[in-house]
Amino acid sequence: MKILYISSSIVPSREANSIHVMEMCQAFAQNGQEVTLVAPDIKSRYERGVEDVYRYYGVEDCFEIVKLPAPEPLGKAGRLVYALLAARYAMHQKPDLVYGRNPYAIYLAAQAGQLVALDSHGPEYEHGMLARFSLNGLFKNCNFSHLTVNSPALKSLYATNTCLTSDRIHVATNGATIVDSTTLLPYWPGRRDALQVGYIGHLYPGRGVDVIFETAKHLADVDFHVIGGTEKDIVYWQQQVSRPNVFIHGYVSHADVANYRACCDLLLAPYQEQVAVQGGGDTSAFMCPIKILEYMASGKAIIASDLPAVRIILNERNSLLVKSDRVDLWVKAIDQCRDASFREEIVSVAYKDFLNNYTWMKRADKVLAPLDNTY
């Protein structure tokens with residue numbers, strides 16, 4: 001099948017959605033599809049110094065990337081211009097399926113006669129009248145196949161708040177890459193005899209990095225490593241935190257993150273009751289954190305916040321779940337993970353769960369499954 005993936009993500013960038021897009025395109029290609037990724041060409045927002053986009057994301061050069069002009073800044077008008085250009089490109093390429101997370105472009109491609117499917121990671125209908133108009137038109141279009149969402153909670157929201165019936169909405173939880181090998185880092189600042197605790201991800205409000213730093217105050221014999229964040233957030237936390245057992249590594253490219261996870265004994269996901277994303281908004285009710293899936297793939301023990309969205313993936317058999325804002329409980333959970341045999345026990349279950357349910361290849365299969373009667 002020839003798939004055209006229309007993305008709104010900037011490639012290459014530090015944005016988590018760009019990682020998702022690149023991983024999905026690779027998974028489709030590895031599943032035997034012919035894949036082309038369409039992305040906006042906004043050079044001012046590219047990650048600087050990237051010469052090989054595929055290597056930057058740690059994916060194979062197995063799909064084509066096409067950049068289309070997009071106005072700067074990419075406001076509402078700019079997004080519409082880009083959507084028109086992407087839909088026109090799809091019309092000329094004549095793929096078997098147009099897919100992606102850009103509802104405007106997917107709607108316009110359907111209007112132009114292309115078979116389409118939309119991937120949504122949030123309630124797009126809340127983004128104004130134009131978004132609701134586009135979604136209603138898309139869902140009623142005879143060329144629309146199905147909607148994929150990343151959680152059961154988001155499926156329920158769409159079934160309740162749009163004209164789309166639940167049988168057209170398919171849950172395809174996010175994925176992670178199977179880690180074949182890791183490279184020993186030339187320098188790791190952690191103490192050899194100390195438990196190494198890691199957090200990898202953004203430093204936005206609601207991600208719980210403040211909980212990590214408070215926890216570190218109570219565990220002087222444990223090393224805490226924070227990897228990720230924007231330059232602004234990294235500088236802020238470096239100014240706020242100065243402890244000998246806390247190491248703020250800064251941003252690491254997606255291709256190299258697995259090497260940092262490998263240096264840790266356990267990994268933290270201290271999501272709070274409200275979880276911010278880039279650009280604002282709260283995703284705690286319907287998120288499906290790629291971070292947790294990557295933790296599972298790393299073969300490291302996981303301590304995470306006990307939230308409904310997290311419990312879709314984690315449970316008491318494959319992790320430790322604690323109340324998100326209770327520092328004393330985070331301290332207690334880390335103390336419990338000092339026992340290497342206990343860590344191995346929960347890691348074994350988590351890794352099996354990951355292989356059975358949460359690889360990118362599994363997600364690609366779920367996305368294409370509704371088309372089985374067509375192709």
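Colleague: Which elements each supply at least two residues of the lining of the largest cavity?

Modeller: E1 and helix H3 (76-93) do. Keep in mind that the model is predicted. The general idea is that rolling a probe the size of a water molecule over the atoms shows where empty space is left. Here, the count comes to one cavity of 30 Å³ or more, and the largest cavity has a volume of about 30 Å³.

Colleague: Which residues line the largest cavity?

Modeller: The lining consists of Lys2, Ile3, Leu4, Thr36, Tyr89, Gln93 and Pro95. E1 gives the most, with three residues.

Colleague: What lies in the second largest pocket, and how many residues line it?

Modeller: The second largest pocket holds about 640 Å³ of space. Its lining has 28 residues, and the closest to the centre are Glu23, Gly58, Thr177, Ile178 and Val179. Two or more lining residues come from each of helix H1 (16-30), helix H9 (257-262), helix H10 (290-298) and H14.

Colleague: Next, the sheet. In what order do the seven strands stand?

Modeller: Read the order across the sheet: E3-E2-E1-E4-E5-E6-E7, an open sheet with parallel pairing. Strand E3 (64-69) and strand E7 (169-171) each have a single partner strand, so one side of each is left without a neighbour in the sheet. On average, neighbouring strands are turned by 25 degrees against each other, direction ignored.

Colleague: Over how many bridges do E1 and E4 pair?

Modeller: Four: strand E1 (residues 2-6) and strand E4 (residues 97-100) pair in the parallel sense. Leu4 stands opposite Val98 in E4.

Colleague: Which strands does helix H14 touch?

Modeller: Helix H14 (residues 360-368) packs on the sheet and touches E1, E4, E5, E6 and E7. The direction of H14 makes about 145 degrees with that of E6. Helix H5 (residues 129-140) lies across strand E5 (116-120) and E6, and H5 runs at about 135 degrees to E5.

Colleague: Now a single residue. Is Asn150 buried or exposed?

Modeller: A residue is called buried when its relative accessible area is under 20%. Asn150 has 3% relative accessibility, so Asn150 counts as buried. Its place is the loop between strand E6 (144-149) and helix H6 (152-161).

Colleague: Which side chain is joined to that of Asn150 by a polar contact?

Modeller: That of His121, at 3.3 Å. Apart from neighbours within four places in sequence, the residues in contact with Asn150 include Ser120, Val171, Thr173 and Phe286.

Colleague: Where is Gly228, and is Gly228 buried or exposed?

Modeller: Gly228 sits in the loop between strand E9 (222-227) and helix H8 (231-240). With a relative accessible area of 9%, Gly228 is buried. Beyond neighbours within four places in sequence, Gly228 is in contact with Gly201, Leu203, Ile234, Gly250 and Tyr251.

Colleague: How many residues of strand E12 are buried?

Modeller: In strand E12 (residues 301-305), five of five residues are buried, so the strand is mostly covered.

Colleague: What is the bridge partner of Leu268 in E12?

Modeller: Ile303 is the partner. Ile303 also stands opposite Leu320 in E13.

Notes: Residues are numbered from 1 along each chain as its sequence is written. This is a predicted model: local features need pLDDT of at least 70, side-chain atom pairs count only at pLDDT 80 or more; totals for chains, interfaces and linings use all residues. Side-chain values use heavy atoms; hydrogens and water are left out. Buried means under 20% relative accessible area, exposed over 50%, partly exposed in between (1.4 Å probe, protein chains only). A polar contact is a pair of N or O atoms within 3.5 Å; within protein, one must be able to donate a hydrogen and the other to accept it, and residues adjacent in sequence count only if both atoms are side-chain atoms. Contact means heavy atoms within 4.5 Å. Two strands pair if DSSP finds at least two bridges between them. Axes are lines fitted to C-alpha atoms, for helices over the stretch in contact, and angles run from 0 to 180 degrees between N-to-C directions. On a 1 Å grid over the protein atoms alone, a cavity is a set of points where a 1.4 Å probe fits but cannot get out, and a pocket is an open set with protein on both sides within 12 Å along at least five of seven lines; lining residues have an atom within 4 Å of a point. Grid points are joined across faces, edges and corners, and a volume is the space filled by probe spheres set on the points.
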